[in-house]
There are 2 protein chains.
Amino acid sequence: MVARMHHSASPRKGRTGRPRSTEADRAILDATRAALVDLGWGKLTMSDVAARAGVAKTTLYRRWANKNELVVDAVAVLFDELELPDRGCLQSDIEGVVLQFGALLARPETKTALMAVVAESTADEALRERIRSAIVDRQKRLVILGRERAQQRGELPPDRPGPAGEQAAAQAIGLTFDLIAGAIVHRTLVTAEAVDTAWAHQLSTVLIRGLGGLG
Amino acid sequence: MVARMHHSASPRKGRTGRPRSTEADRAILDATRAALVDLGWGKLTMSDVAARAGVAKTTLYRRWANKNELVVDAVAVLFDELELPDRGCLQSDIEGVVLQFGALLARPETKTALMAVVAESTADEALRERIRSAIVDRQKRLVILGRERAQQRGELPPDRPGPAGEQAAAQAIGLTFDLIAGAIVHRTLVTAEAVDTAWAHQLSTVLIRGLGGLG
DNA sequence: GCAGTTACGCTACGGGTCGTAGCGTAAGAG
DNA sequence: CTCTTACGCTACGACCCGTAGCGTAACTGC
């Protein structure tokens, strides 16, 4: 899952004393997401989260060092539900993932939390690293998998062997990820229009055509 | 420029009393950008901005209702420097704009401020509207202009006449904007890698291929 | 000049949040 | 039953927000 705190992640067995309440863990993360929906990032307070979770504020600070870390952990898990469907052809697969991601970002807690945390990370290198490992890199798997599958189907040319080919493949994966994720995020959060099937179809059409000969 | 406050924008001539200090205006906006660079969004305080600007805190509140509005105004002007170069062909034009936008977002004050304000806007409809009118819609002109120019060159097919054609054109413009802006923002702020000429070239290649037959 | 009007700097304040400290108590381990 | 750790609670200092009140500065119109 997500890296918890400095002290100790899972309840190590050699541990003595009263164990962390896993129920409290869940209640806090749920309460954080709920508070984000209701209040947004700027007005979310630790006291409020604690009250919603039925937990003392000090219990929050025993687990997370500050608001950012808490919200990252509360939100990261939401992105794990994304999957690459197998609809038979690359374009349909892309459409499917675009719609999933669009639906995910349409949910208020996802939208608010992601943006807030990314914003905060622009001035906080440690937080940015945490986001990358907890959220972004985990989702790159979708691009990598979709690409492999398309290559097996013969829809994309196979990677050229050697280090040059690997580098080109990594570049293509990076560009694809930035294009898809960036477009969806921009449409949802900036343009503020829905990611519907028509838009997903257009986007996938452009990508299929454009990425075809990239290597 | 940007909509100032509720009361009155430019010093109307029928006005009596001591006029607003335009010097203070500039000092405050400059100080806001500087503070953003140094402190980031979360730690930026109105008191600090006031101190940097050599101005009383109350003077800030006489002009802007809160932090968000101040930062939007301080940042919006930065985006006006974007221009569509005329490099002879559509792909080169796109590359040029991508590099400009990339360089703009590489600057700390732009990066920080844009993200922070967008993040805040996810829970504030009025602020979102202000961003759209002050920043986003103003830059859509680049896409519209580039598209027209490419159609005149014969690089893109002309719009079909009639309302259906207009709607298709609007959709294409919207998709193009989300793709370009989204990819650049995502690469800069999430992937956290540079928008260099190689990447810009790849991106423009994909777009040229993909957008060609979209209408 | 002089009154009228508005902006400015300054100080002070109430309300709210952050993150921490200290205490007594609850829950497991050996 | 003791040791160790987590929990709830209260209180606290530090900080920031946004506003109010005052005396002063700047500009307009008479």
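Trainee: Why do α5(A) and α8(A) count as oblique to each other?

Mentor: Start with the angle, taken from 0 to 180 degrees between the N-to-C directions of axes fitted to C-alpha atoms over the stretch in contact. Under 35 degrees is roughly parallel, over 145 roughly antiparallel, 65 to 115 roughly perpendicular, and the rest oblique. Here α5 (residues 90-106) and α8 (residues 162-191) of chain A pack at about 40 degrees, with their axes 10 Å apart. The pair is therefore oblique.

Trainee: Which residues make that contact?

Mentor: Contact means heavy atoms within 4.5 Å. Helix α5(A) brings A:I94, A:V98, A:F101, A:G102 and A:L105. From α8(A) come A:I180, A:A181, A:I184, A:V185 and A:T188. By class, eight of these residues are nonpolar, two are polar and none is charged. Asp, Glu, Lys and Arg are charged; Ala, Val, Leu, Ile, Met, Phe, Trp, Tyr, Cys and Pro are nonpolar; the others, Gly among them, are polar.

Trainee: What should I know about the model and its labels?

Mentor: This is a predicted model, where local features need pLDDT of at least 70 and side-chain atom pairs pLDDT 80 or more, while totals for chains, interfaces and linings use all residues. Residues count from 1 along each chain as its sequence is written, chains are lettered from A and ligands numbered from 1 in the order written, and side-chain values use heavy atoms, without hydrogens or water.

Trainee: How many helices and strands does chain A have?

Mentor: Chain A has nine helices and zero strands. Both are DSSP runs numbered from the N terminus (helices H or I, at least four residues; strands E, at least two). Along the sequence the pattern reads α-α-α-α-α-α-α-α-α. The C-alpha trace of chain A spans about 60 × 45 × 35 Å along its principal axes. Take the contacts in chain A with a separation of 6 or more: 67% of them join residues 24 or more positions apart.

Trainee: What share of chain A is buried?

Mentor: Of its 215 residues, 53% are buried. Buried means under 20% relative accessible area, exposed over 50%, partly exposed in between (1.4 Å probe, protein chains only).

Trainee: Where is B:A34 found?

Mentor: B:A34 sits in helix α1 (residues 22-43) of chain B. Its relative accessibility is 31%, so B:A34 counts as partly exposed. Now look at B:E109, 75 residues apart from B:A34 along the chain: their C-alpha atoms are separated by 7.2 Å.
B:A65 is a loop case, placed between α3 (57-63) and α4 (67-76) of chain B. At 41%, B:A65 is also partly exposed.

Trainee: At what angle do α5 and α9 of chain B pack?

Mentor: Helices α5 (residues 90-106) and α9 (residues 197-211) of chain B pack at about 135 degrees, axes 9 Å apart. They are therefore oblique. The contact includes B:L90, B:I94 and B:V98 of α5(B), and B:W199, B:L203 and B:L207 of α9(B). In total it has nine nonpolar, five polar and one charged residues.

Trainee: How is chain A related to chain B?

Mentor: Two copies of a chain are related by a rotation about an axis and a shift along it. Chain A can be laid on chain B by a turn of 180 degrees and a shift of 0.0 Å along the axis, with an RMSD of 0.1 Å. The copies are thus related as by a two-fold rotation axis. Superposition is by least squares on C-alpha atoms of residues with pLDDT of at least 70 in both. Finally, 100% of the interface residues of chain A are also interface residues in chain B, so the copies meet through the same surface.
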